[in-house]
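Biologist: I'm new to this one, and I'd like to learn how to read it. Could you walk me through it, starting with the ligands?

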Amino acid sequence: MDVTISTSRVRGRTRAPPSKSYTHRAILAAGYGDEATVTDPLVSADTKATMRAVDAFGGSVERAEDGNARLVVEGFGGRPGVPDDVVNCENSGTTMRLVTACGALADGLVVLTGDDSLRSRPQGPLLSAVEELGGRGESTRGNGQAPLVVGGSTPGGRVSIPGDVSSQYITALLMAGAVTDEGIEVELETELKSAPYVDITVEVLEDFGVEVERTDEGFAVSGGQSYAPEGGEYAVPGDFSSMSYLLAAGAVAAEDGASVVVEGARPSAQGDSAILDVLDSMGADVAWDREAGEITVPRADLTGTTVDVGDTPDLLPTIATLGAVAAGDTVIENCEHVRYKETDRVSAMAEELGKMGASVTEREDRLTIHGDETDLVGARVDGRADHRVVMSLAVAGLVADGETTIAGAEHVDVSFPDFFDAIESLGVELRRE
Ligand SMILES: O=C(O)C1=C[C@@H](OP(=O)(O)O)[C@@H](O)[C@H](O)C1
Ligand SMILES: C=C(OP(=O)(O)O)C(=O)O
């Protein structure tokens, strides 16, 4: 689907979708247990992949049809069964990593695959970790990428793994480790990037009654634990990565005297709430009512800033767009790991914003957007089959001169299926074709 965005002003209220990261974890945590209900889940292409994996392992995930958004999960009770078929994780890195470690507990073999993008992302360090823990972890092509074959009733133990490729490896090992015989101790070989995502894991596991310990070398989880949330229910908070596009839309395009108000913004462990500090450092007047869970942002004349995205890789596309609107340079540092996502987002944003007239300098771990040399103009751009690239380019389209057509806009389905409805409700003029 192509979406064409006209230069637009925005105003009004909208609600952030539920968190993708929390939803994945809650569904799988419930899967490891006996039975639990996940309330306010994100139902999107990626989280459906995790639901199907729980099903494949012998559990079941049912959507309640009575208006209250809920998933009723029957777990596979600790040890996953051997699936009847290949598990297709489609576009979801989180699913593939979490399911790799889970599948390594099966008494047999599990085959994992995904779409073109997912089959090009790095899985090697997690496969080596599974083997070091006594399980089987192989890439069918021998290149550290999916298709993968895992299994072998991993007993657990001690393992070392790099921290700078994906924090999802750590999340996966901790979630699986809790139901192993020996537990899993993870020693980080390099500094942990995307660290707040492991904080999210620790928070969700705690809420399911599973304890994780931070050690001098990394993390440790004891085996023989059971997953069960208090009262049998777990509630998912709003998603700050998804919010970043709505807040950015307000900061660049709110009508004079008006603002964008985003609901569903209760505090949680999400590192991407740093988008508020980024906007603040660029001169936006952002107000967060934490108790009400509401963020208000009017338009501002933004100025460039420097942001280290080591902890917050998913904010890079949003910040790149903000930088293209701001005066002066915006420098996004420590972004090498952002190249291992659905697409290489550093290059994707440099090239696609470039088509809209942005002046950008790309280095391996740094992206600089020269706002003073940029006048955004509407263009035909490629969303690179990447939800975050699509949504960030849509925000750029609000202030570009003329129409911006984004190809592959349907990929918002991965994390924010109602994105275009949400921005339309704020006053954005757009066409779906
Ligand atoms: O664990 C998670 O929910 C995620 C971790 C991050 O990935 P990396 O740890 O691979 O950087 C992030 O980019 C991704 O969108 C979601
Ligand atoms: C990278 C992302 O997710 P995943 O790793 O689960 O594909 C994302 O949502 O930006």
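This is a predicted model: local features need pLDDT of at least 70, side-chain atom pairs count only at pLDDT 80 or more; totals for chains, interfaces and linings use all residues.

Biologist: Why does ligand 2 lie between domain 1 and domain 2?

Modeller: Look at who supplies the shell. Domain 1 (3-17 + 238-432) and domain 2 (20-235) both give residues to the shell around ligand 2, so ligand 2 lies between them. That shell includes Lys-20, Asp-46 and Ser-92, and also Asp-314, Lys-341 and Arg-388.

Biologist: How many charged residues does the shell around ligand 2 have?

Modeller: Six, along with four polar residues and no nonpolar ones. The shell around ligand 1 has one charged, eight polar and two nonpolar residues. Among the residues surrounding ligand 1 are Ser-21, Gln-168, Tyr-197, Asp-314 and His-337. Here, domain 1 and domain 2 each supply at least three residues.

Biologist: Which residue does UniProt list for "active site"?

Modeller: Asp-314, though that comes from an unreviewed entry. You'll find Asp-314 in the loop between β18 (306-308) and α9 (316-325).

Biologist: Is Asp-314 buried or exposed?

Modeller: The general idea is to count neighbours: 20 or more other C-beta atoms within 10 Å makes a residue buried. Asp-314 has 26 C-beta neighbours inside 10 Å, so Asp-314 counts as buried. Leaving out residues up to four places away in sequence, Asp-314 touches Ser-241, Asp-272 and Arg-388.

Biologist: Which residues does the UniProt annotation "binding site" cover?

Modeller: In that unreviewed entry, Lys-20, Gly-93, Arg-121, Gln-168, Arg-345 and Arg-388. Take two of them. Arg-121 sits in the loop between β7 (109-113) and α4 (124-132), and Arg-121 is buried because it has 21 C-beta neighbours inside 10 Å. Gln-168 belongs to helix α5 (residues 168-177), and with 25 C-beta neighbours inside 10 Å, Gln-168 is buried as well. Setting aside residues up to four places away in sequence, Arg-121 touches Gly-93, Gln-145 and Tyr-340, while Gln-168 touches Gly-93, Thr-94 and Arg-97.

Biologist: And strands? Which residues of β19 are on its covered face?

Modeller: The general idea first: side chains in a regular strand alternate between the two faces of the sheet. In β19 (residues 329-333), Thr-330 and Ile-332 make up the covered face, and Asp-329, Val-331 and Glu-333 the uncovered one. Strands β18 and β19 run parallel, joined by three bridges; Thr-306 has Val-331 of β19 as its bridge partner.

Methods:
Residues are numbered from 1 along each chain as its sequence is written. Chains are lettered from A and ligands numbered from 1 in the order in which they are written. A residue is near a molecule or strand if its C-beta atom, placed from the backbone, lies within 6 Å of it. Ala, Val, Leu, Ile, Met, Phe, Trp, Tyr, Cys and Pro count as nonpolar, Asp, Glu, Lys and Arg as charged, and the others, Gly among them, as polar. Domain bounds come from an automatic or database domain assignment. UniProt positions are given in the numbering used here, feature names are shortened, and annotations may be inferred rather than shown by experiment. Helices (H or I, at least four residues) and strands (E, at least two) are DSSP runs, numbered from the N terminus. A residue is buried if 20 or more other C-beta atoms lie within 10 Å of its own, exposed if 12 or fewer, and partly exposed in between; C-beta atoms are placed from the backbone. Two residues are in contact if their C-beta atoms, placed from the backbone, lie within 7 Å. Two strands pair if DSSP finds at least two bridges between them.
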